[in-house]
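Colleague: I have a model open and would like to learn how to read it. Could you take me through it, feature by feature?

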Amino acid sequence: VLEDFPDKIDDAGVDPIACPLPPRFEPSLPEAVDEAMALRPAYDRQLRRSGRTVVGKVSGVDQVPEAVAVFVRLVESGSWQELTELGNPRLVAQDIRGYYEEAAMELSDHTPAAHAAEAWFYRQTATGRLMLDALKVMKDGGAPPPDWSFLVPRNFQS
Amino acid sequence: VPDSDIRLANANQPVPEFESPAFNRLRKPVSECRVAIVTTAALHSSDQPKFLGGDQSFRELLASADGLVLGHISPNFDRSGFISDPNVVFPIDRLNEMAVERTIGSVASTHISFLGAQDETMTSIRLDSGPAAAKVLLSDAVDVVLLTPV
């Protein structure tokens with residue numbers, strides 16, 4: 001009764017979405033925090049256009065720059081206590097990533113291929129690189145695996 | 001995580017075998033069937049409870065529901081598709097088009113959402129919430145469900 005079909009849709013690739021980042025606005029801030037703040041207008045436009053967002057699992061959109069700042073301090077200090085006080089680390093990370101990806105979809109002029117937005121986030125943004133650094137700090141520092149193993153997708157954990 | 005990696009990782013995944021699997025053949029043409037969506041994208045409306053880790057309950061989604069929330073929390077899941085077009089996980093517009101074209105008979109008024117990330121046994125879904133969800137659909141005279149495993 002069950003039938004296999006030969007059709008298979010493969011990923012278009014893992015190239016990042018073509019998306020220009022806004023220029024630095026406040027050089028006195030950490031690059032990732034400044035970047036997050038600069039993306040707010042694009043995020044708002046996307047939300048107005050689509051009416052959808054995945055941000056809000058722990059923090060509202062207004063708290064995203066401060067959540068990014070917590071990751072900056074985590075990487076600088078090697079302590080992740082402030083992050084866990086903010087909320088479940090994986091959910092805090094998802095709010096930040098969702099905010100970025102939704103802003104990127106507004107800044108880009110096309111619907112991204114699967115995984116193109118996440119590739120852009122982790123490879124081309126200061127906050128994405130910050131997440132990878134935070135993962136390493138937490139893992140090497142002995143943080144409980146549930147707190148770091150879901151911070152970033154598996155294919156970005158090397 | 002790219003789909004190709006997921007296919008590779010799951011290629012030899014053991015799956016349970018059931019002695020008497022439930023399987024029903026359609027007794028009428030699809031063009032006369034009432035169709036519902038069953039998704040594992042953990043969708044819920046904003047006034048429904050969020051899905052928690054290991055949650056084996058379900059949410060009833062109205063066909064007219066706007067503002068669905070995507071409760072899936074794995075970092076390996078690409079959410080940009082849902083933001084671009086919710087039909088990638090909840091293809092309600094496509095079903096409505098098929099009903100207008102008479103490819104299917106009608107679209108159910110209620111659809112079902114589960115959390116996709118589950119343990120190996122899914123005991124509650126198999127013995128409790130799954131049959132309960134089926135009852136909801138049967139009470140809406142649903143003949144066919146379209147699964148969107150996310």
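Colleague: Which residues lie nearest the centre of the second largest pocket?

Modeller: A pocket is an open set of points on a 1 Å grid over the protein atoms alone, where a 1.4 Å probe fits, with protein on both sides within 12 Å along at least five of seven lines; lining residues have an atom within 4 Å of a point. Here 19 residues line the second largest pocket, and A:Lys57, B:His44, B:Lys50, B:Val69 and B:Leu70 lie nearest its centre. This is a predicted model: local features need pLDDT of at least 70, side-chain atom pairs count only at pLDDT 80 or more, and totals for chains, interfaces and linings use all residues. Residues are numbered from 1 along each chain as its sequence is written, chains are lettered from A and ligands numbered from 1 in the order in which they are written, and side-chain values use heavy atoms, leaving out hydrogens and water.

Colleague: How does the lining divide into nonpolar, polar and charged residues?

Modeller: Ala, Val, Leu, Ile, Met, Phe, Trp, Tyr, Cys and Pro count as nonpolar, Asp, Glu, Lys and Arg as charged, and the others, Gly among them, as polar. In this lining, nine are nonpolar, seven polar and three charged.

Colleague: What is the secondary structure of chain B?

Modeller: Helices (H or I, at least four residues) and strands (E, at least two) are DSSP runs, numbered from the N terminus. Chain B has four helices and seven strands, in the order α-β-β-β-β-α-α-β-β-α-β from the N terminus. Its C-alpha atoms fill a box of roughly 40 × 40 × 30 Å along the principal axes.

Colleague: What share of chain B is buried?

Modeller: Buried means under 20% relative accessible area, exposed over 50%, and partly exposed in between (1.4 Å probe, protein chains only). In chain B, 38% of the 150 residues count as buried.

Colleague: Where does B:Gly116 lie, and what does it touch?

Modeller: B:Gly116 sits in the loop between strand E6 (110-113) and helix H4 (123-139) of chain B. With a relative accessible area of 32%, B:Gly116 is partly exposed. Contact means heavy atoms within 4.5 Å; leaving aside residues up to four places away in sequence, B:Gly116 touches B:Thr40 and B:Val150.

Colleague: Which residues of helix H1 in chain A are buried?

Modeller: In H1 (residues 31-38), they are A:Ala32, A:Val33, A:Asp34, A:Glu35 and A:Ala36. Their cover includes helix H2 (40-50) and helix H7 (126-140) of chain A.
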